[in-house]
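Please look at the structure shown below, with its sequence, before reading on.

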Amino acid sequence: MKELRTLLPYLRRYRGTYLLGLLLVLLSNLFTTVGPRFLEQAIDRLGTGRPIAAVLVSAGLMVAAAVIGGIARFGMRQTLNSGSRRVETDLRNDLFAHLERLTPAYYDRNPTGDVMARTTNDTTAVRMVAGPALMYMVDTAVRAALVMPAMVAISPSLALLALLPLTGLPVVMIVLGRLIHSRSLAIQAHFGTLTSHVHEHLSGVRIVRAYRQERAEAAHFGRLNDEYLEKNLALARAQGAFHPLLQLLGGLGTVVVLALGGRLVVAGTVSTGAFIAFGVYLAMLVWPMIALGWAINLLQRGTAAMQRINAVFAEVPAIRPPERPVALPPAERARAVTFDHVWFRYPAAADRGWALEGVSFHVPAGRTLAIVGATGAGKSTIVELLGRAYDPDRGRVLVDGVDLRDLDFPALRGAVGVVPQETFLFSDTLRGNVLLGAPDDGRLEHAAEVSQLAAALPDLPNGWDTLLGERGINLSGGQKQ
């Protein structure tokens, strides 16, 4: 449960919404619990031969209480569920913003599909805690606080015996709750694995087809899917035992009411109307108890999901801007680059040895350096360090004599331009991909001329506004580059 403490600041943002929702919970239960009292009056008045008008008054009050309680219940659901949607939106936005700040080292360790699962499936599970689970838990507590005194007022001894079976609820909740939590955590972790496989397969579907690996990939997916099914069935078995046990405990209370309450009616200790009202009160407690079981399921799943989300928030970016950034000296176009005894190895592959060992070189401003080497020699690693995707383990990388670690990110990224060897395009228009957030101040046409993209524009259906598919799939390889 301590994992859910992270959720509290998000709930505080909408404290007004939640306070209104909880007030509606109180009003809903208040009017719902007075209904049986009017039912008791109507039945007893019928038994004593009172005028039908008096009976109709009690019936009318009962209907009015039901209508007002129903309206309040509708407002309760509307308010609390809308609040939970806003909490989910804020949480997902913060999670995505934090993921953008994390360095490549994090993504080296965590598959994309697992990260996607945390931003989608897990945030939805947390929303269920902030909405339905919270609503039903408070609803059950308020209803019990209102109904139990009403039952005691009718017959203390009958209330004690009828509620005795419900004391088994905490045991059921604790035992099955822990089981549900552990199995939910396993399901959500495996869902990330499954999502990663689907993401990789669909991204590389052309390679799969080219090598005729459809059957092998389908078999692999089938094994993962079967494992996901087994984990869900294990959770379903635990959840399936929850509701029957709650109904059993509630049913035992009903048996007590019928057996002992009937005797009290015959003995004249309790009126017929009071006996029926008592039964209605007990039924009003049983359903919330069942709903409470469902809410606890949601709470356990949400706790497991929040645990996974908190693990992401706990990740500290390995590359952080300096507290006191240094300004680069003025330069018209080019800048000097220096590698000073740089040693580096990738965090996710530390056991494979050094990617760079004591590399030193100096490129004066306006000069060109070509780096040639075998695969894995460290050519791309030099570019990664120059853009500060990683920091060297030893040594320094400098631009115009300034250590990259002393530059803030805007200054660094403004001084370094990188053309990656792997072309990546977003599912956006051609204009959006070329500008990538920059203003259209003439640079669009200039870039098109320099890159010879202008010659391909007449072949595109909507020119600059042509929507590119995922990773630019509707362009040729040369057009992508």
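Which residue is the bridge partner of Val337 in S2? The partner of Val337 in S2 is Val363. This is a predicted model, in which local features need pLDDT of at least 70 and side-chain atom pairs count only at pLDDT 80 or more, while totals for chains, interfaces and linings use all residues. Residues are numbered from 1 along each chain as its sequence is written, and side-chain values use heavy atoms, with hydrogens and water left out.

**The sheet**

Helices (H or I, at least four residues) and strands (E, at least two) are DSSP runs, numbered from the N terminus, and two strands count as paired if DSSP finds at least two bridges between them. Four strands form an open sheet in the order S2-S1-S3-S4, with antiparallel pairing. At its edges are strand S2 (356-363) and strand S4 (402-403), each of which pairs on one side only. Strand S1 (residues 337-344) runs antiparallel to S2 and is joined to S2 by five bridges. Helix H11 (residues 379-386) packs on this sheet and touches S1, S2 and strand S3 (394-399), with a direction that makes about 115° with that of S1. Contact here means heavy atoms within 4.5 Å; axes are lines fitted to C-alpha atoms, for helices over the stretch in contact, and angles run from 0 to 180 degrees between N-to-C directions.

**Salt bridges**

The whole structure holds 17 salt bridges, a salt bridge being a side-chain nitrogen of Lys or Arg within 4 Å of a carboxyl oxygen of Asp or Glu. Among them are the following pairs.

| Pair | N to O distance |
|---|---|
| Arg308 and Asp114 | 3.5 Å |
| Arg335 and Asp400 | 2.7 Å |
| Arg431 and Asp465 | 3.4 Å |

Arg308 in helix H10 (residues 272-313) and Asp114 in helix H5 (residues 112-154) are 194 residues apart, and their pair links distant parts of the chain. Both Arg308 and Asp114 are buried, where buried means under 20% relative accessible area, exposed over 50%, and partly exposed in between (1.4 Å probe, protein chains only).

Arg431 is partly exposed at 26% relative accessibility, and Asp465 is partly exposed at 46%.

Finally, a network of salt bridges links Arg85, Glu88, Arg92 and Arg127.
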